[in-house]
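Here are my notes on the model, as numbered points. Please keep the structure open while reading.

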Amino acid sequence: MENIYNLTLLKIFLLGFCAFLIGISKTGIPGVGILAIPLAAIVLPAKSSTGVILPMLIMGDIFAVIYYKRKVVWKYLFRLLPYAAFGVLIGYFLLGKINDEQLKPFIGIVILVILGLNFWWNKKEIKIPEKFYFASLMGILAGITTMMANAAGPILIVYLLAMKLPKTEFVGTGAWYFFILNWFKVPFSVNLGLINFSSLKLNFLLFPVVAIGGILGILVLKKMPQKVFNQVVQILAGIAALKLIF
């Protein structure tokens with residue numbers, strides 16, 4: 001991985017923006033963190049970017065579970081986690097077999113598919129099944145996607161929408177899901193060399209920005225024009241994803 005002291009000011013600024021988006025998405029505006037994934041993969045080598053993003057996600061998770069510590073529906077969480085863990089194992093195996101040039105377009109395609117599905121879900125009234133096979137499918141897909149691209153958020157959103165949870169329980173259950181799953185991913189990322197001494201030095205530089213985003217997300221959730229902000233971020237994520245592919 002590129003040494004943090006060789007990063008240009010522009011790259012450090014862009015990574016700081018990624019950290020801020022991750023923080024604010026964890027506590028206040030779910031979904032906007034999607035931009036951080038392709039953007040980090042542009043600034044850093046694709047594989048290295050996943051190792052840098054993961055500790056920042058965990059930092060944001062800590063803020064989220066503290067804030068929503070009593071707003072979690074465990075039965076839905078436990079139904080999903082075993083399948084997600086299996087998906088992580090599949091993603092770990094696949095990630096060890098591909099290189100940066102192969103991973104970049106994969107991340108880009110995943111982001112574009114997610115953005116397209118988000119647009120479709122927002123436009124249509126979709127009845128989502130609540131049976132066990134739905135949880136297993138969503139769990140495996142989320143596990144593979146989160147291990148390979150840290151981009152499982154929209155998949156979890158579909159699952160939680162099917163459970164018809166109130167807003168706070170929706171956010172709280174999602175927060176605990178990612179808190180558990182992201183920690184589960186750490187040993188695999190270390191084994192693949194994605195998390196290492198150099199990446200952690202960069203993380204410690206960016207952690208305060210994640211914290212700022214997390215605090216701001218809590219404070220301004222009800223005041224921000226979320227719809228407009230989400231649209232802008234999704235457009236930017238689409239542009240970044242296209243750059244990764246082409």
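In which helix is the place of K185? K185 sits in helix α8, residues 167–191. Other points follow.

1. Basis. This is a predicted model, in which local features need pLDDT of at least 70, side-chain atom pairs count only at pLDDT 80 or more, and totals for chains, interfaces and linings use all residues. Numbering runs from 1 along each chain as its sequence is written, and side-chain values use heavy atoms, with hydrogens and water left out.

2. Overall fold. The protein has 10 helices and 0 strands. Helices are DSSP runs of H or I with at least four residues, strands are runs of E with at least two, and both are numbered from the N terminus. The order along the sequence is α-α-α-α-α-α-α-α-α-α.

3. Packing and surface. Of the 246 residues, 51% are buried. Buried means under 20% relative accessible area, exposed over 50%, and partly exposed in between (1.4 Å probe, protein chains only). Take the contacts (heavy atoms within 4.5 Å) with a separation of 6 or more: residues 24 or more positions apart account for 86% of them. The accessible surface is about 12,100 Å², with 71% belonging to carbon and sulfur atoms. These areas come from the Shrake-Rupley method with a 1.4 Å probe; for residues, only the protein chains shown count as cover.

4. K185 is buried yet has no salt bridge. A salt bridge needs a side-chain nitrogen of Lys or Arg within 4 Å of a carboxyl oxygen of Asp or Glu. The nearest side chain of opposite charge is D61, 7.9 Å away. Lys and Arg count as positive here, Asp and Glu as negative; His and the chain ends are not counted. Beyond its neighbours within four places in sequence, K185 contacts L54, V88, T146, M147 and N150.

5. Where D61 pairs. The structure holds 1 salt bridge. It joins the side chains of D61 and K26, at 2.6 Å, N to O. The pair links distant parts of the chain: D61 is in helix α3 (residues 46–67), K26 is in helix α1 (residues 9–27), and they are 35 residues apart. D61 and K26 are both buried.

6. The nonpolar core. The largest nonpolar core has 63 residues, and L15, I53, M56, I107, Y159 and Y177 touch the most other members. Such a core is a set of buried Ala, Val, Leu, Ile, Met, Phe, Trp, Tyr and Cys residues joined through side-chain atoms within 4.5 Å. Helix α8 gives the most to this core, with 8 residues. Leaving out residues within four places in sequence, Y177 contacts L77, L80, L81, A84, A142 and L156.

7. L77. This residue lies in helix α4, residues 74–95. L77 is buried, at 2% relative accessible area. Not counting residues up to four places away, L77 touches V72, T173, W176, Y177 and I180. L77 and W176 are 99 residues apart in sequence, yet 8.1 Å apart in space, C-alpha to C-alpha.

8. Aromatic pairs. Rings of Phe, Tyr and Trp (its six-membered ring) pair if their centres lie within 6.5 Å; planes under 30 degrees apart count as stacked, over 60 as edge-to-face and the rest as tilted. The count is 7 aromatic pairs. One of them, W74 and F78, is stacked: 5.5 Å centre to centre, 25 degrees between the planes. Both lie in helix α4, 4 residues apart, about one turn of the helix. W74 is partly exposed at 34% relative accessible area, and F78 is exposed at 52%. W74, F78, W176 and F179 form one aromatic cluster.
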